[in-house]
Amino acid sequence: MSTEHRSLLMNANRRLGAALVDHNLVKIEDLEKANDRLLEIVATNQPRQSTVLGVLAYEMKVVREEDVLSHLVESEGVGLVDLREYDVSEDLKKGMDRGAAWATWSVPFDQEEDFTFIATAYYLSPAVRNYWEKQFPGPVLWYGTTLESIADFLERAEAEAANTRSPFATKTPATAKAGGTTPPFATPTKATAKPSPSKSVAKAS
């Protein structure tokens with residue numbers, strides 16, 4: 001992981017943790033323990049495990065990812081999407097900074113006119129929203145999704161990129177996990193219909 005991506009990852013997780021506490025989704029003492037655990041994981045260079053939300057939800061079990069997504073829908077007005085049920089734009093795939101996507105647990109998945117659609121498990125982190133909104137000239141429309149949906153998409157994209165570079169490479173299954181270390185991420189949320197930009201522009205600010 002590059003120094004830039006590591007800094008982005010730590011800031012994204014720090015701001016997410018603070019937001020989870022502010023919204024009474026986790027306790028500060030649990031967050032402190034999760035932050036210590038996150039530092040251990042980051043040192044081992046395991047992108048799929050490098051998430052404070054994953055530690056809180058699947059190692060410590062002090063919050064459910066489903067409850068975080070419900071909060072997004074009910075309190076933030078954010079829609080939900082499952083990337084495994086969506087045809088992601090090939091142009092966005094090719095131009096995607098996968099290191100930044102892992103660091104922020106976010107994936108740009110479509111563009112329509114001036115609007116860019118981004119799926120994220122880290123919507124509550126201001127650092128994540130600020131980063132991606134600076135990457136595109138037009139408004140960003142945000143959608144919540146699970147950690148597993150993001151991780152599976154990125155692992156599949158990395159396998160496809162590796163096979164494109166080397167036609168003799170062994171194809172990695174899309175759902176391959178690091179042996180014994182992957183948290184049991186939540187059952188993916190059913191994808192919702194993508195609203196038209198004209199109806200969603202208020203959420204892009």
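These legends go with a set of close-up views of one predicted protein model.

Local features are taken only where pLDDT is at least 70, side-chain atom pairs count only at pLDDT 80 or more, and totals for chains, interfaces and linings use all residues. Numbering starts from 1 along each chain as its sequence is written, and side-chain values use heavy atoms, with hydrogens and water left out.

**View 1**
Helices (H or I, at least four residues) and strands (E, at least two) are DSSP runs, numbered from the N terminus. Read from that end, the elements go α-α-α-α-β-α-α-β-β-α-β-α-α. Of the 205 residues, 47% are buried, where buried means under 20% relative accessible area, exposed means over 50%, and partly exposed is in between (1.4 Å probe, protein chains only). The chain exposes about 10300 Å², with 49% of that coming from carbon and sulfur atoms; the areas come from the Shrake-Rupley method with a 1.4 Å probe, and for residues only the protein chains shown count as cover. Take the contacts (heavy atoms within 4.5 Å) between residues at least 6 apart in sequence: 71% of them join residues at least 24 apart.

**View 2. Helix 1 crossing helix 7.**
Here helix 1 (residues 3-22) and helix 7 (residues 126-133) have axes that come within 7 Å and cross at roughly 130°. Axes are lines fitted to C-alpha atoms, for helices over the stretch in contact, and angles run from 0 to 180 degrees between N-to-C directions. The two helices are therefore oblique to each other; angles under 35 degrees count as roughly parallel, over 145 as roughly antiparallel, 65 to 115 as roughly perpendicular and the rest as oblique. On the helix 1 side you'll find L8, N11, A12 and R15, which meet P126, A127, V128 and Y131 of helix 7. Those contact residues split into six nonpolar, one polar and one charged, with Ala, Val, Leu, Ile, Met, Phe, Trp, Tyr, Cys and Pro as nonpolar, Asp, Glu, Lys and Arg as charged, and the others, Gly among them, as polar.

**View 3. An open four-stranded sheet in the order 1-4-3-2.**
Pairing in this sheet is mixed, and two strands pair if DSSP finds at least two bridges between them. Strand 1 (79-80) and strand 2 (106-112) sit at the edges with a single partner strand each, so one side of each has no neighbour in the sheet. Helix 7 packs on the sheet and touches strand 2, strand 3 and strand 4 (140-144), its direction making about 140° with that of strand 4.

**View 4. Strand 2 against strand 3.**
Strand 2 and strand 3 (residues 115-120) pair in the antiparallel sense over six bridges. Q111 has T116 as its bridge partner, while S106 stands opposite T120. Five of the seven residues of strand 2 are buried, so the rest of the structure largely encloses it.

**View 5. Positive phi at W105 and at E113.**
Most residues other than glycine have a negative phi. W105, in the loop between helix 6 (98-104) and strand 2, has a phi near 50°. E113, with a phi of about 55°, lies in the loop between strand 2 and strand 3, a hairpin with two residues between the strands. W105 is buried at a relative accessible area of 0%, whereas E113 is exposed at 73%.
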